[in-house]
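Reader: Please take a close look at the surroundings of the ligand and at the sheets of the protein. I would like one connected account.

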Amino acid sequence: MSMEHMAQPIPELGEFIIANKDKLRNTGQEAEMNRLLTAIKLAAKVVNREINKAGLADILGAAGNQNVQGEEQQKLDVFANHKFIQALVNREVVCGICTEEDDDFIEVNKDTHFVMLMDPLDGSSNIDVNVSVGTIFSIYQRLSPVGSPVERRDFLQPGRNQIAAGYVLYGSSTMLVITTGDGVHGFTLDPSLGTFFLSHRNMRYPAKARIYSVNEGNYRAFPEGIKQFLAECHDDEAGPFSLRYIGSLVSDFHRNLLQGGIYMYPPTKKDKKGKLRLLYEANPMAYLAEQAGGRATDGFDRILDIQPSELHQRVPLMIGSAKLVDRVDQLMRQHSPDCRLHANQLAPAN
Ligand code: AHG
Ligand code: MN
Ligand code: MN
């Protein structure tokens, strides 16, 4: 047999997850999780197709209504939200779904184990200018019994309870990056086959970490601890750090994961809780960051330990290479202790 035929096959997403050790091993729920991931893959491909032709179709621009947080929805936000919900509802692979775009959670199949939370289109202000956007998802086992309708508490779990989390990045190529608790793995879509193939096994933050990503236009409104950290980025003894900010968490996070760096959405004087949403953005990205050897905090406390109190709760986010996140936390504790939000809202150890 020629060498060509003996090469190791490159696994696609479904094959890889089945073969992988994860939190679901031997629970009997592996098949259900696999059906759920299949639904996510399908919706991602449909959204990817629409995004790719966004410049052609009459799909750009505002949809003319606002989401529950008073933000203008873009047409593709609505489309992506609809496609992901449709894929999960039609296949009845979850007991409930909650998305950034909907006021409340949606009940699906009460006889299943998982709830999914998602930001169907992240970075949506970038669509009109042909810059990368993403989808973020987060999966938990329900707390309420299987066979009963899904409950609010099933969605309001601390992030450390996540069974799986990931994102789809609609970039120069389309990637699905996922963790099921056994490292972070990246799959790249082969558009000709419509298949996500393993391209980045066991992604880890590199030791070098010299990128910072923050909307520095808000500088004056930042707490002193953040200003001090930015001063250190500007005046590092090895030369200034590079500022890279796309304004799409998925893209900024992805670059920093590959190249080493920190993404920050700090509190400001006006928005003391920052901008990002704990359940749809901070928690899934925090789980991925930790699984890749990084960290994620609100400037003081570990994101994954925060006990959520509402579905659309916002939270400051410092995420990326561990040493940079540690340094921000140090400076926040030293200079801005009044900004600590969650000292009394951490979930007790379980
Ligand atoms: P979304 O498009 O889902 O509302 O999220 C946008 C978020 C995040 O992806 C991005 O990093 C941040 O908002 C950008 O905010 P600023 O424009 O305030 O920098
Ligand atoms: Mn978002
Ligand atoms: Mn969004």
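Ligand 1 is surrounded by 17 residues, the closest being Asp 122, Tyr 245, Leu 249, Tyr 263 and Tyr 265; a residue counts as near if one of its heavy atoms lies within 4 Å. The model is predicted, and local features need pLDDT of at least 70, side-chain atom pairs count only at pLDDT 80 or more, while totals for chains, interfaces and linings use all residues. Residues are numbered from 1 along each chain as its sequence is written, chains are lettered from A and ligands numbered from 1 in the order in which they are written, and side-chain values use heavy atoms, with hydrogens and water left out.

Polar contacts come next (pairs of N or O atoms within 3.5 Å). An oxygen atom of ligand 1 has a polar side-chain atom of Tyr 265 at 2.5 Å. The side chain of Asn 215 places an N or O atom 2.8 Å from an oxygen atom of the ligand, and Leu 121 brings a backbone N or O atom to 3.3 Å from an oxygen atom of ligand 1. Taken alone, the ligand exposes 470 Å², of which the protein buries 85%; these areas come from the Shrake-Rupley method with a 1.4 Å probe.

Two elements give two or more residues to this shell, strand E5 (114–122) and strand E13 (261–265). E5 gives the most, with 3 residues. Strands here are DSSP runs of at least two residues, and helices are H or I runs of at least four, numbered from the N terminus. By class the shell has 6 nonpolar, 5 polar and 6 charged residues, with Tyr among the nonpolar and Gly among the polar. Domain 1 (13–200) and domain 2 (211–339) both contribute residues to the shell, so ligand 1 lies between them; the bounds come from an automatic or database domain assignment.

E5 belongs to an open sheet of 8 strands with mixed pairing, in the order E4-E3-E5-E6-E7-E8-E9-E10. Its edge strands, E4 (106–107) and E10 (195–200), each pair on one side only, where pairing requires at least two DSSP bridges. Strands E8 (174–179) and E9 (184–190) run antiparallel and are joined by 5 bridges; Met 175 stands opposite Thr 188 in E9.

E13 is part of an open sheet of 5 strands, also with mixed pairing, ordered E12-E11-E13-E15-E14. Strands E12 (242–243) and E14 (295–297) stand at the edges with a single partner strand each, so one side of each is left without a neighbour in the sheet. E13 pairs with strand E15 (317–320) in the antiparallel sense over 4 bridges. Tyr 265, which contacts the ligand, has Leu 317 in E15 as its bridge partner.

Key: A polar contact is a pair of N or O atoms within 3.5 Å; within protein, one must be able to donate a hydrogen and the other to accept it, and residues adjacent in sequence count only if both atoms are side-chain atoms.
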